[in-house]
Amino acid sequence: MDGFNLVNTKGILQALKRLKKLEVLSLAGIRGLSDEFIKDYVMACGRNLKGLVLKDCVNLTNVSMRFIADFARRLNVLDISNLCKLTDSSLGYFKNRFRQLSTLKLYRNPFSDEAIAAFLETGGKTLKELSLNSIYKVGHLTALSLARNGKNLHTLDLSYCRKLTNRDLALIIDRCLSLRTLKLVGCSQLTDVFLRGRSNSQIRIIGLKSTPIWSKIFFMN
């Protein structure tokens, strides 16, 4: 249903409710999607959901996140990228809720370093893919929490997280030994210094400005 114009919201909601065994739902790009729609749907069918994509549904607020946290606890995949009305409260609702969450995409949301770090302390251990792309407040606290709780991370996107330092990245790479892809597009504050002497020799770095070619893909040897 990505990008669909919700003219008859009630009709679509009722149709979705009839799909009792639906496990994956994408409503990405539906700008008119409301908190009331999400509330009604997840209260009725959230217990069956394993994947939910709400990217670019810009009218959604913390209210939606609270009901997702309460009624969709079997989620493996959650994409809430670019929801500018969310606050740290949303991540607070998620703490201790999802036991199987493996993919979480938070791209371009206004969350604080403290809130992301706190969530990762309880919800980071199951994550295999995490996107914090363009969350400008991400910094040292998030790096510490990733190092402690990101043992299963396979893919991590920290593009445009410009408060992170070389030391932060060295810590993440040393502790997150399952990590295979690390995206650092737009992180002009970083150099390849953090790669030297690292124990993880299989990681692929995308976007590191280690040469004049900005989009170079850097492989550690």
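Which residues in α2 meet Val63, Ser64, Phe67, Ile68 and Phe71 in α3? They are Asp35, Ile38, Lys39, Val42 and Met43.

## Basis of the model

This is a predicted model; local features need pLDDT of at least 70, side-chain atom pairs count only at pLDDT 80 or more, and totals for chains, interfaces and linings use all residues. Residues are numbered from 1 along each chain as its sequence is written, and side-chain values use heavy atoms, with hydrogens and water left out.

Helices (H or I, at least four residues) and strands (E, at least two) are DSSP runs, numbered from the N terminus. Contact means heavy atoms within 4.5 Å.

## Helices α2 and α3

The axes of α2 and α3 come within 9 Å and cross at roughly 5°. Axes are lines fitted to C-alpha atoms, for helices over the stretch in contact, with angles from 0 to 180 degrees between N-to-C directions. The two helices are therefore roughly parallel to each other; that term covers angles under 35 degrees, against over 145 for roughly antiparallel, 65 to 115 for roughly perpendicular and oblique for the rest. By class, the contact of α2 with α3 has 7 nonpolar, 1 polar and 2 charged residues. Here Ala, Val, Leu, Ile, Met, Phe, Trp, Tyr, Cys and Pro count as nonpolar, Asp, Glu, Lys and Arg as charged, and the others, Gly among them, as polar.

In α3, Asn62, Ser64, Met65, Phe67, Ile68 and Ala69 are buried. Buried means under 20% relative accessible area, exposed over 50%, and partly exposed in between (1.4 Å probe, protein chains only). The buried residues of α3 pack against α2 (35-45), β2 (51-53) and α4 (88-94).

## Aromatic pairs

The whole structure holds 2 aromatic pairs. Rings of Phe, Tyr and Trp (its six-membered ring) pair if their centres lie within 6.5 Å; planes under 30 degrees apart count as stacked, over 60 as edge-to-face and the rest as tilted. Phe67 and Phe71 are stacked, 6.1 Å centre to centre with 10° between the planes. They sit 4 residues apart in helix α3 (residues 62-71), so about one helical turn separates them. Phe67 is buried at 11% relative accessibility. Phe71 is partly exposed at 32%.

The rings of Phe94 and Phe98 have centres 5.3 Å apart and planes at 50°, so this pair is tilted. Both Phe94 and Phe98 are buried.

## Helices α6 and α7

Helix α6 (residues 140-149) packs on helix α7 (residues 166-175) at about 10°, with axes 8 Å apart. That makes α6 roughly parallel to α7. From α6, the contact uses His140, Ala143, Leu144, Leu146 and Ala147; from α7, Asp168, Leu171, Ile172 and Arg175. These residues divide into 6 nonpolar, 1 polar and 2 charged.

Buried in α6 are Thr142, Ala143, Ser145, Leu146, Ala147 and Asn149. They pack against α5 (113-123), β5 (129-131), β6 (155-157) and α7.

## The nonpolar core

The largest nonpolar core has 65 residues. Such a core is a set of buried Ala, Val, Leu, Ile, Met, Phe, Trp, Tyr and Cys residues joined through side-chain atoms within 4.5 Å. Leu54, Ile68, Leu158, Leu182 and Leu184 have the most contacts inside it. Helices α1 (9-17), α2, α3, α4, α5, α6 and α7 each supply at least two residues of this core. Helix α2 gives the most, with 5 residues.

Leaving aside neighbours within four places in sequence, Leu184 is in contact with residues including Leu158, Leu169, Leu190, Phe194 and Ile205.
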